[in-house]
Amino acid sequence: MAGFLQQVVEGLGAGAVYASLALALVLIYQFTGIVNFAQGELAMFSAYVAWQAMAAGLPFWAALALTLAVSFAGGMLIERIVIRLVEGAPELTLVIVTVGLFIFVNAAAGWIWTFLIKDFPNPFPRGALEVGGVSVGFSTLGVLGVVALVMGLLYLLFQHTKIGLGMRAVAANPDSARLVGIRVGRTLALGWGLAATVGAVSGVLVAPLLFLEPNMMGGVLIYAFAAATLGGFDSPAGAVAGGVIVGVAETLAGAYVPAVGSDLKIGVPLAIILGVLLVRPRGLFGRAVVERA
Amino acid sequence: MSFLVVEGLVVGYGEARVLHGVDLSVAEGEICAILGPNGAGKTTLLRALSGMVRARGVIRLGGTALTGRPPDAVARLGVAHVPEGRGTFMPLTVEENLRLGAFVRRGGREVEDDLDRVCSWFPPLRDRLGQVAGSLSGGEQQMLALGRALMLRPKVLLLDEPSLGLAPLVTRELFRIVQAINQEERTTVVVVEQNAHLALGVARQAHVLETGRIVLSGTAERIRADEQVAQSYLGYRV
């Protein structure tokens, strides 16, 4: 039993990381209807920015603050310069553009920092909390705490500020949002900035668990897609729940299904994506799109 | 004297021209009805006024040129547009929808008072402030759309087919409220309507739009008395 709980705890930690990237995916999808394939690469780039800041001598938390600011500005800039050009274009165009962005950011990171792996410090203390035979790493607790904090802040922003209300209005009905005087273009840029910031958090959380290198987010992105699909692409809370479920499912499958093991674990999110799309395409928490004929 | 002035307004979607040089002038504090058949360009005219479609020509509001301004800028100048289809923010609550109407205003006492005022005009909304707007009936959604527009404290209210899809009783009540608001607040109203009876009942001036041109203008009484209008839009001969 303790062994099983141990696996669940490991899964929760992994799931929290997937959840944070899924949250970023969902934010952008809600605002623009774009599935941003480059979200993971932007997060990776943010992790490099943090690494660079620390290499320059900044302490971790100062480097994090700087990274979040840079990511926010970067996200807004990408929306203004790249995404603005294809606003309202067919979905295939948007997919191609974000895939292009994926390749560009990946190559840019390789060009700037090389493809050699770098060590990334873990901001949380070593060691673990022993609870009834289950050991919960401080690192796992830290990751869960950070993701909960991000969730909480987003909730406050969306539910209790005027900017948040404006953002939800734009997501719900952009034309109508324009008519009440909201500057929709700016709001969309803000949404991209916000998503890039949330993504940066996941990048910084992932980097110490894996190693920092330009391809580190590839796998995480697939888990995040599974999380967003499972939770419902239009539901931030669903994305987090989906992330946690995917993390736990992946860990348990790796531990208890011999055929899966650690090599085939990446198949788990793909199976989840396929299963959800077949059985409940809108996800657990998503709204079904109903349109009158 | 004229508050809202439109001169030589031309609008086209791609190759197809919808408005061919519309002239219009609306006095401050009056209700002006735009009548006309389907496809005449009524909705496009309103969309041009609020900046939702690109237009050539002159649109002036109390001396300020509106042509070429984006909708959010036009809203800031005090033009509230209740669009075709009502423009409800479906997943948001009724209260959030109303507060969004006052988005460009500084919050505070006045906005709270206006929220209360809108609720007293539309009592069903007060009971549903916390409810998701998508769950409202058609009539309630039209009230919400009107309430949202009023939260701007608009100088000009643009209404696109407020009667569409509503029961006659509900529609009459809505028009009664529009008239009351116009009288109490001196809000200028431009209403596009297929139900000519209703529109002429509240309007002072009326214009008939056909295939992108104004073919007839005058006081509501005059338009009502016009034989052509009577046949086309009122369903009887004078």
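This is a predicted model: local features need pLDDT of at least 70, side-chain atom pairs count only at pLDDT 80 or more; totals for chains, interfaces and linings use all residues.
Helix H6(B) is mostly covered, with 11 of its 13 residues buried. The buried residues of H6(B) are B:Glu140, B:Gln141, B:Gln142, B:Met143, B:Leu144, B:Ala145, B:Leu146, B:Gly147, B:Arg148, B:Ala149 and B:Leu150. Their cover is drawn from several elements of chain B, including the strands E6 (79–82) and E7 (156–160). Helices also contribute to the cover of these residues, among them H3 (94–101), H4 (109–121), H5 (123–126) and H7 (168–185) of chain B. For chain B, the mean pLDDT is 90, and 97% of the residues reach 70 or more.

In chain A, helix H8 (residues 184–209) was examined in the same terms. Its 26 residues should span 38 Å at 1.5 Å a residue, and the end C-alpha atoms are 38 Å apart, which agrees. Of the 26 residues of H8(A), 21 are buried, so the helix is largely enclosed by the rest of the structure.

The packing of two further helices of chain A was also described. Two packed helices are described by the angle between their axes and the distance between the axes. Helix H1 (residues 2–32) of chain A packs against helix H5 (residues 138–160) of chain A at an angle of about 30°, and their axes are 9 Å apart. The crossing of H1(A) and H5(A) is left-handed. On the H1(A) side, the contact is made by A:Val9, A:Leu12, A:Gly13, A:Ala16, A:Val17, A:Ala19, A:Ser20 and A:Leu23. H5(A) contributes A:Thr140, A:Val143, A:Leu144, A:Val147 and A:Val150. By residue class, the contact of H1(A) with H5(A) comprises 10 nonpolar residues, 3 polar residues and no charged residues.

For the complex, the predictor gives an ipTM of 0.91 and a pTM of 0.88. The contact between the chains takes 14 residues from chain A and 19 residues from chain B. On the side of chain A that touches chain B, helix H6 (162–172) and helix H7 (174–179) of chain A each supply at least two residues. The largest share of this side, 5 residues, comes from H6(A). The residues of the side of chain A that touches chain B divide into 6 nonpolar, 4 polar and 4 charged.

Conventions. Residues are numbered from 1 along each chain as its sequence is written. Chains are lettered from A and ligands numbered from 1 in the order in which they are written. pLDDT is the predictor's confidence in each residue, from 0 to 100. Two residues are in contact if their C-beta atoms, placed from the backbone, lie within 7 Å. Helices (H or I, at least four residues) and strands (E, at least two) are DSSP runs, numbered from the N terminus. Ala, Val, Leu, Ile, Met, Phe, Trp, Tyr, Cys and Pro count as nonpolar, Asp, Glu, Lys and Arg as charged, and the others, Gly among them, as polar. Axes are lines fitted to C-alpha atoms, for helices over the stretch in contact, and angles run from 0 to 180 degrees between N-to-C directions. A crossing is left-handed if the near helix is turned anticlockwise from the far one by less than a right angle, and right-handed if clockwise. A residue is buried if 20 or more other C-beta atoms lie within 10 Å of its own, exposed if 12 or fewer, and partly exposed in between; C-beta atoms are placed from the backbone. The expected span of a helix is 1.5 Å times one less than its number of residues.
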